[in-house]
Amino acid sequence: MVLEILDIKKSFGEREVLHGISFAVSSGRAMGFLGRNGAGKSTTIRCLMDVFRPDSGRFLLDSVPFQPRKMKIGYLPEERGMYQKNEVLAQLVYFARLRGANQTDALKSANHWVDYFQLGDYKRKKLETLSKGNQQKIQIAQAFLNEPDILILDEPFSGLDPVNAQVFKDAIKSFVKEGRLVIFSSHQMGYVEEVCDDVTLIHEGRILLSGDLSDIKLEEGRSKLFLSLLDEGDSSLPEIMHRAFPGILITPAHGGFILDTQGEDRQGDLLKWLSAQDLVIRRFGLYEPSLTDIFISKVGEQA
């Protein structure tokens, strides 16, 4: 499956919050949808889910107009909306029935996902009696009910400790391997890097970049090297290096230096010069920016 978001615009009153955004999501590849607070992530997802109607633009699934009510979709909204005073299992069965499952299948699916997220002891408990982290796992479990073909998760890692986060990541990876379509929005870049094949970055209602995460990292790191030394005490190195290589931009970062060669192949020259300085090199090689680096760089350029 390929889900296409094509030139979506959305305004609230006279304020346009989505300015004709376009990107695509493919099944079998998790998409991380990134942006600062207020960038337009949740509005985009709500338009996709037909909670909001866009002013213009289209959503297509395999070149056909996307109709969420006719699809098996698991959706975890940013604002949680389950019933605090109802028993966990009963309301999961209820949500599964709302999505079209019969009683037998609904009960089977609810039991499976409660057990998967290691909450079997809480099936007959009211949701309000669970810890924040366990409540979040129940919210996540409802998104997985009925084995959805499309999984949309808005800030899903909120409140999860590292162990529970790993269980959740394994569930997402399993869905991706099965060829399902997965989109999730998160501020936690480390989780996105671990889980996602593709990323889309939105800022102030406009798409800044979208595509394969590995390709984006390669492009953003092009012409850049990373240098770290065993002895980081000498702060004069950037100045000395700049005199020797005036065309190279040197930026302190991550316990070392990013060397921007401005498109020239200077790796051999730099290594020869560094060796002559009697320095103990900890690492010297191609620079691969983290997703956090890319995010800050792209959003910073716009700001």
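The model is a predicted one, in which local features need pLDDT of at least 70 and side-chain atom pairs count only at pLDDT 80 or more, while totals for chains, interfaces and linings use all residues. Residues are numbered from 1 along each chain as its sequence is written, and side-chain values use heavy atoms, with hydrogens and water left out.

Strand S4 (residues 56–61) runs antiparallel to S5 and is joined to S5 by two bridges, with Leu60 standing opposite Pro65 in S5.

Two packed helices are described by the angle between their axes and the distance between the axes. For H4 and helix H5 (residues 162–177) the angle is about 10° and the axes are 12 Å apart. H4 and H5 are therefore roughly parallel to each other, a term that covers angles under 35 degrees. In their contact (heavy atoms within 4.5 Å), Lys137, Ile140 and Phe144 of H4 meet Asn164, Phe168, Ala171, Ile172 and Phe175 of H5. These residues divide into six nonpolar, one polar and one charged, where Ala, Val, Leu, Ile, Met, Phe, Trp, Tyr, Cys and Pro count as nonpolar, Asp, Glu, Lys and Arg as charged, and the others, Gly among them, as polar.

Of its 25 lining residues, Met49, Pro68, Ile73, Tyr75 and Arg99 are the closest to its centre, and strand S6 (73–76), helix H2 (88–98) and helix H4 (132–144) are the elements that give two or more residues to the lining. On a 1 Å grid over the protein atoms alone, a pocket is an open set of points with protein on both sides within 12 Å along at least five of seven lines, whereas a cavity is a set where a 1.4 Å probe fits but cannot get out, and lining residues have an atom within 4 Å of a point.

The structure holds two cavities of 30 Å³ or more. The largest, of about 50 Å³, is lined by Ile5, Phe23, Phe33, Thr44, Ile45, Leu48, Ile152 and Ile183, and H1 gives the most to this lining, with three residues. The second largest cavity, of about 40 Å³, has Leu34, Val199, Leu201, Leu209, Leu291, Ile294 and Phe295 in its lining, to which H10 gives the most, with three residues.

Helix H10 (residues 291–302) also contains Asp293, which touches His254 and Tyr287, not counting residues up to four places away in sequence.

How values were computed:
Two strands pair if DSSP finds at least two bridges between them. Helices (H or I, at least four residues) and strands (E, at least two) are DSSP runs, numbered from the N terminus. Axes are lines fitted to C-alpha atoms, for helices over the stretch in contact, and angles run from 0 to 180 degrees between N-to-C directions. Angles under 35 degrees count as roughly parallel, over 145 as roughly antiparallel, 65 to 115 as roughly perpendicular and the rest as oblique. Grid points are joined across faces, edges and corners, and a volume is the space filled by probe spheres set on the points.
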